[in-house]
Amino acid sequence: MKVCFIIFMLFFVSISMAQITHPKASPASVVEQYVGLSKITIKYARPAVRGRVVFGELVPYNRIWRVGANASTKITIDSDMTVLGNVLPKGTYAIYAFPQKDSWEIAFHKNTTHWGDGRKNYNAEEDVFRISVVPEKRQEFQENFLITFDKITHNSIQMLFVWENTKVSIPFKVHTDTLMQEEISRQLKENPTAQTYYESARYFQEQGKKYSLALMYLNKAISLGGENYYFFRVKSLVEVGLGDLKEAIVSAEKSLQMAKELGKDEFVRVNEKNINLWRKMLKTHKN
């Protein structure tokens, strides 16, 4: 009897170990997107249309949907963000949708332990918040459900749900300027190199602000690191921001010459274009 039991157990274990891993009908996907200094990570599964009507049938209206398939869709953000005026603290959340024909509710949910939509166990009191968005109809057909990002700036991004002929856009705002100011202060205190001053100045130039401080940082970068084409390229743009076209042309010419010597064709072209433009602007001002 004991021998039979051992044989049975060995047979059971061998059968268990021999099980085939099937390919998923809705394969898993991970999307990572940086916005400013922050990162958004989405983990979800991608069901396919397969000739079915999706919204209103496969995904019923007025009922919770996991925004994908299999496990609930998870979003992780590494800094606080704002979604339509609602603060989403850094962390990991489940995303659920409540689709309707003319509007959707999107829930950012604290409980990430539910399998799928957690329909019976879902508790709205565990939502961080809900937002309402309007779905868009599009001409292009999307076979597999897609989560992607668009309209990315230093301070904002749109998360898109796209499936069949429907698109839903969810705008996020990030507090990049606050994070960047903290980073600049820390780096200039701990690691005040030429590159640190240059990167700080370039950020202000790209944001179109604090030109005087940016110019001071660029002069410091040149003093510490020597002259190079990209220092003078940004310096010319900062000087334009300060309204000093003459100095901007001088800086652009220096950048142009150094770029030529190093074979940096792109910088040659942009400097030539800007020099011609700023000379015309100077003539216009004189007239």
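Q: Where is F161 found in this predicted model?
A: F161 sits in strand β10, which covers residues 156-174, and the model it belongs to is a predicted one.

Q: Why is F161 called buried?
A: F161 has a relative accessible area of 2%. Buried means under 20%, so F161 gets that label.

Q: What does F161 touch, leaving aside its neighbours within four places in sequence?
A: Its contacts include V67, I95, W104, I106 and F145. Contact here means heavy atoms within 4.5 Å. As for P135, it lies 26 residues from F161 in sequence, with 9.3 Å between the two C-alpha atoms.

Q: How do you know that R130 and E105 meet in a salt bridge?
A: Their side chains are 2.8 Å apart, N to O. The rule asks for a Lys or Arg nitrogen within 4 Å of an Asp or Glu carboxyl oxygen, so this pair qualifies. The pair links distant parts of the chain: R130 is in strand β8 (residues 127-133) and E105 in strand β7 (residues 104-109), 25 residues apart.

Q: Why does R130 count as partly exposed?
A: R130 has a relative accessible area of 31%.

Q: What makes K209 and D177 a salt bridge?
A: The N to O distance is 2.5 Å, and the limit is 4 Å, so the pair passes. K209 is in the loop between α3 (194-207) and α4 (211-225), while D177 is in helix α2 (residues 176-190), 32 residues apart.

Q: What separates R186 and E183 in helix α2?
A: About one helical turn, because they are three residues apart in that helix. Their side chains meet in a salt bridge at 3.1 Å, N to O. R186, at 37%, is partly exposed, and E183, at 29%, is partly exposed as well.

Q: How many salt bridges are there by this rule?
A: The count comes to 11.

Q: Why is K280 called exposed?
A: K280 has 58% relative accessibility.

Q: Which residues gather in a patch of positive charge on the surface?
A: K246, K280, K283 and K286 do. Lys counts as positive, so the patch is a positive one. Helix α7 (residues 265-286) gives the largest share of the patch, three residues.

How values were computed. Residues are numbered from 1 along each chain as its sequence is written. This is a predicted model: local features need pLDDT of at least 70, side-chain atom pairs count only at pLDDT 80 or more; totals for chains, interfaces and linings use all residues. Side-chain values use heavy atoms; hydrogens and water are left out. Patches are made of residues with over 30% relative accessible area and no salt bridge: like charges are joined within 9 Å, nonpolar side chains (Val, Leu, Ile, Met, Phe, Trp, Tyr) within 5 Å. Accessible areas come from the Shrake-Rupley method with a 1.4 Å probe; for residues, only the protein chains shown count as cover. The place of a charge is taken as NZ of Lys, CZ of Arg, CG of Asp or CD of Glu. Helices (H or I, at least four residues) and strands (E, at least two) are DSSP runs, numbered from the N terminus. Buried means under 20% relative accessible area, exposed over 50%, partly exposed in between (1.4 Å probe, protein chains only).
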